Amino acid sequence: MMHAGNLLKAIQMYDFYLYDLNLFLDTHPNDRNALAKFNEIKERRKKAVDAYTEKFGPLTADQNNSNDHFYWTDDPWPWERSAN
């Protein structure tokens, strides 16, 4: 079972990895290995974000999945959760 802090670190790692691959693909758009890795990391990030959102709530306002309550405004904020 992953804790909020571990999931946030994983998401941040995937964000950095995707950004780095994005920069590489900007100059090497036909590199199939890099594109495959980009798609793999993008899927891993999605799974981590989905797991975080399901267990701890939305990381961004657009991840609010309720028709009854806007959970984005509930405390603590995602970046404050490690302090609690």
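## Surface and burial

The protein chain exposes about 6,400 Å², and carbon and sulfur atoms supply 52% of that area. These areas come from the Shrake-Rupley method with a 1.4 Å probe, and for residues only the protein chains shown count as cover. Keep in mind that this is a predicted model, where local features need pLDDT of at least 70, side-chain atom pairs count only at pLDDT 80 or more, and totals for chains, interfaces and linings use all residues. Residues are numbered from 1 along each chain as its sequence is written, and side-chain values use heavy atoms, with hydrogens and water left out.

Of the 84 residues in the protein chain, 27% count as buried. Here buried means under 20% relative accessible area, exposed means over 50%, and partly exposed is in between (1.4 Å probe, protein chains only).

## Helices and contacts

The protein chain has two helices and zero strands. Both kinds of element are DSSP runs numbered from the N terminus: helices are H or I with at least four residues, strands are E with at least two. Helix α1 has 24 residues and reaches 35 Å from its first C-alpha to its last, close to the 34 Å expected at 1.5 Å a residue. That expected span is 1.5 Å times one less than the number of residues in the helix.

Which residues of α1 are buried? They are A4, L7, L8, A10, I11, Y14, L18, L21 and L25. What covers them includes α2. A contact means heavy atoms within 4.5 Å. Taking the contacts in the protein chain with a separation of 6 or more, 45% come from residues 24 or more positions apart.

## A bridge between the helices

A search of the whole structure turns up four salt bridges, each being a side-chain nitrogen of Lys or Arg within 4 Å of a carboxyl oxygen of Asp or Glu. One of them pairs D15 with R45, with the closest N and O atoms 2.3 Å apart. This pair links distant parts of the chain: D15 sits in helix α1 (residues 4–27) and R45 in helix α2 (residues 32–56), 30 residues apart.

As a rule, side chains of opposite charge can pair when their charged atoms come close.

K37, E40 and R44 are linked in a network of salt bridges. E40 pairs with K37, the closest N and O atoms being 3.4 Å apart, and also with R44, where the closest N and O atoms are 2.7 Å apart.

Why are E40 and K37 about one helical turn apart? Because they are three residues apart in helix α2. E40 and R44 also lie in helix α2, four residues apart, again about one turn. An α-helix has 3.6 residues a turn, so residues three or four places apart point the same way. For accessibility, E40 is partly exposed at 31%, K37 is partly exposed at 30%, and R44 is partly exposed at 41%.

## After α2

T73 is found in the segment after α2, and at 46% relative accessibility T73 counts as partly exposed. The C-alpha atoms of T73 and P58 are separated by 9.6 Å, with the two residues 15 apart along the chain.
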